[in-house]
Amino acid sequence: MRLYGPENAVKLFAASEEPCLAGKGLDKIIENAQKKLEIHHYAIRKRTLDYDDVMNRHRTVVYAMRREIIDGREKEVRDDLLAHQTEAWERTAMLLQDEYASAADRLVEIVRKETGLVVPADQCRSGRSGNASAVLKQMRQAVEEMSEAGDGAMPLRFLLLEAIEREWILHLNMMEQLVNDIYLVSYGERDPLVEYKKEAYVLFEQLMDRIAGAVVAALFRSGNENAMPAGTVSGYARRKTRIFGRHS
């Protein structure tokens, strides 16, 4: 009543010496206060559902990927992840190009460090769209040859599921931490839900980057200590927002 009743309700009760109060006016005050309380609780529940909806979208994508693998379409998932990783490498190469090396040269260098494959630089100079396609074609060919030769450390299905499971657990922990911290942005007069959706999208992109990077690393087992850490490509190229501010 003190929080959801009218301002004069507390004074009314305090001034009265009667052990109990009754009357149509009092019934109306209690009814209105109850409605306000129910609306407040509904808003809290709806807000919680809005946060859960973001996580459900992530879960739908990851579980669909796992289902494809379990249903025997692991090669399709593998090829999608290879394409994702080569596109991420291409974005990084575009950022690293300078007067000494073109984007194609940087892409060749990244691929060699990450997989051990040597892609002729001239194949990566047929335009921006040709950079990733040339690398992807050679990577698929190398993976198929290793598969036919039986060089894989574990079956492809288990390799994919293990990478997805490991990175998904990490993603769940990061999302939980985000939920706990995102309310701090309200001090900067920003909507926590809006900022949560932005940060969740960035974290999901990083999740897919890590899965693709882990799969590529497991397939090629380059073992090169100088290789770029898996999953850092898109994180460097596209990560723009932060909980406590923005960086250019």
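Here are a few questions and answers about this predicted model.

Residues are numbered from 1 along each chain as its sequence is written. In this predicted model, local features need pLDDT of at least 70 and side-chain atom pairs count only at pLDDT 80 or more, while totals for chains, interfaces and linings use all residues.

Q: How many helices and strands are there in the chain?
A: Helices (H or I, at least four residues) and strands (E, at least two) are DSSP runs, numbered from the N terminus. From that end, the elements run α-α-α-α-α-α-α-α-β-β. The count is 8 helices and 2 strands.

Q: How far apart are the end C-alpha atoms of helix 7?
A: Helix 7 covers residues 192-220, which makes 29 residues. The expected span is 1.5 Å times one less than the number of residues, so helix 7 should span 42 Å. The model agrees, with the end C-alpha atoms 42 Å apart.

Q: How many residues of helix 7 are buried?
A: Buried means under 20% relative accessible area, with over 50% exposed and partly exposed in between (1.4 Å probe, protein chains only). Helix 7 is mostly covered. Of its 29 residues, the buried ones number 24.

Q: Is E74 buried or exposed?
A: E74 lies in helix 3 (residues 74-96). Leaving out residues up to four places away in sequence, E74 touches E68, I69, L156, R157 and L160, where contact means heavy atoms within 4.5 Å. Its relative accessible area is 17%, so E74 is buried.

Conventions: Side-chain values use heavy atoms; hydrogens and water are left out.
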